[in-house]
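I opened this model to look up a few local details. My notes follow in the order I took them.

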Amino acid sequence: MFDEEYALPIIIVGHVDHGKSTLIGRLLYDTDSLPPERYAEIQKTSEMLDKRVEFAFVMDCLEEERSKGITIDTTQTFFKTEKRRYVIIDAPGHKEFLKNMITGSSQAEAALLIIDAYEGIRDQTKRHAYILGMLGLKQVCVLLNKIDLIQYSEEKFNEVKEEVVKFMKTIHIDPTFILPISAINGENVAVPSERIPWFHGLTVLEALDTFEPLKVEKKPLRFPFQDVYRVDGKKIIVGRVEAGHLDKEESFFLLPEKKEVSVKSIEKLLTSGLTTAEHGDSIGICLKGNHRVTRGQILAGDLSSLISDRIRSNIIWMDPVPYQMGTPLLFRCVTQEVPCQIEKIYRKFDPASLEIIEEEPSSIMGAQVANVLIHLERKAVVDSFNDIPEMGRFVLERDGRPVAGGIILEDHVEL
Ligand code: GDP
């Protein structure tokens, strides 16, 4: 069923000049997502420059509209297939990209990593792939672009493919697809190419259509307590349903204590007799019986969360003032606020070169990524970022200011 409202958010990443803009232009053009007058304009400009229709121009045009603030929102470029709509969100080239992803202001559910088949893996390919790994993105499609430049050779394609698989393994990414394409010629983007009869896989659009949207509403309940009020002798717990849904009379677990409780009533201002609340609803609830409840506890539909006072994670340090071992920090994840320290810094990386800067360092500086063990003063409840994003990302504060962001990976992958 086609949901007009929904658009699967994707990111397109890759080394400069490997074909990102061209691919975006091609995707928009081949899916009729480009207004016709725009196309005519692009064609005219191209001819003037004695070129073929350059799809990278589409991006320049869009960019121009953006700078004039006319029609297109900076981070919202849409296209659609028969199955659904897609929105291309912020690219890693943008300064705020990683911060936006970690703080949740933009969230990709799938990625296209574009690599020039002639040039192979380059610096930025590594850096961007590394970021995909750091975000725990599992739906990754690698596009070996410019196959025209390798004369549509199966042998050369397989060579680069092997190199890609080997590299991706080192950063724990298992690409769902590796496809040969030519963005400029529109080969194997929306339609298969006759020039690669040896290839029997999917087109880019078909590959995208196999990806699954994240359905937080279908996940087990996560209801972090924001506040507890006493009204007419009733203890009302307020918060926002971050995942799943909640029914009156249903039994849940109170975390981190793992205590079984059941919901007596659901309260909402100006609404009475509520029996159910969905993902995204801000509500109040009363529990049956008398329980010690406080801000930061989580009402959960199951016990699959990680409940621990030690969390291993990749963090990105965003503050210009470095972190020194032993400095007290505050861990914030949904409504949980727990004093903490970094107990161990295993290693830190230069996100640009992917190189390990230092093993077991004692400080982390601005823009560095580090694999650390966080020791919390008491247990916190987290889920993997991929599973329930709101419960899988956290911020570290120092003296009331956010200084780092981190993401919880499923298997606590060590990068
Ligand atoms: P970006 O920097 O990743 O956005 O790369 P662009 O989309 O600007 O492309 C860089 C150059 O590669 C441009 O001159 C494109 O015309 C060219 N290009 C893109 N795709 C192809 C392709 O499939 N084949 C060939 N031969 N050139 C391409």
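Entry 1: I am working with a predicted model. A polar backbone atom of Ala-183 sits 3.1 Å from one of the ligand's oxygen atoms. I then asked how much of the ligand's accessible area the protein covers. The ligand has 580 Å² on its own, and the protein covers 80% of that.

Next I looked up Asp-148. An N or O atom in its side chain is 2.7 Å from a nitrogen atom of the ligand.

**Entry 2: the shell.** I counted the residues around the ligand and got 17. Asp-17, Lys-20, Ser-21, Thr-22 and Asp-148 are the closest. Which element gives the largest share of this shell? I found helix H1, residues 20–30, with 3 residues. I also sorted the shell by residue class. There are 5 nonpolar residues, 7 polar ones and 5 charged ones.

**Entry 3: Asp-17.** This residue came up again when I checked backbone angles. Asp-17 is not a glycine, yet its phi is positive, about 75 degrees. Most residues other than glycine have a negative phi. I placed Asp-17 in the loop between strand S1 (7–14) and H1. Is Asp-17 buried or exposed? I count Asp-17 as exposed, because its relative accessibility is 63% and the cut-off for exposed is over 50%.

**Entry 4: the S10–S11 loop.** I moved on to the loop between strand S10 (251–255) and strand S11 (259–268), where I found Pro-256. The peptide bond joining Leu-255 and Pro-256 is cis, with omega at about 10 degrees. Most peptide bonds are trans. Lys-258 lies in this loop between S10 and S11 too. I logged a positive phi of about 65 degrees for Lys-258, which is not a glycine.

**Entry 5: cysteines.** How many disulfides does the model have? I counted 0 disulfides, taking a pair of cysteine sulfur atoms within 2.5 Å as the rule. Cys-141 is buried, because its relative accessible area is 0% and buried means under 20%. Cys-333 has 1% relative accessibility, so I put it down as buried too.

Conventions. Residues are numbered from 1 along each chain as its sequence is written. This is a predicted model: local features need pLDDT of at least 70, side-chain atom pairs count only at pLDDT 80 or more; totals for chains, interfaces and linings use all residues. Side-chain values use heavy atoms; hydrogens and water are left out. A residue is near a molecule or strand if one of its heavy atoms lies within 4 Å of it. A polar contact is a pair of N or O atoms within 3.5 Å; within protein, one must be able to donate a hydrogen and the other to accept it, and residues adjacent in sequence count only if both atoms are side-chain atoms. Accessible areas come from the Shrake-Rupley method with a 1.4 Å probe; for residues, only the protein chains shown count as cover. Helices (H or I, at least four residues) and strands (E, at least two) are DSSP runs, numbered from the N terminus. Ala, Val, Leu, Ile, Met, Phe, Trp, Tyr, Cys and Pro count as nonpolar, Asp, Glu, Lys and Arg as charged, and the others, Gly among them, as polar. Buried means under 20% relative accessible area, exposed over 50%, partly exposed in between (1.4 Å probe, protein chains only).
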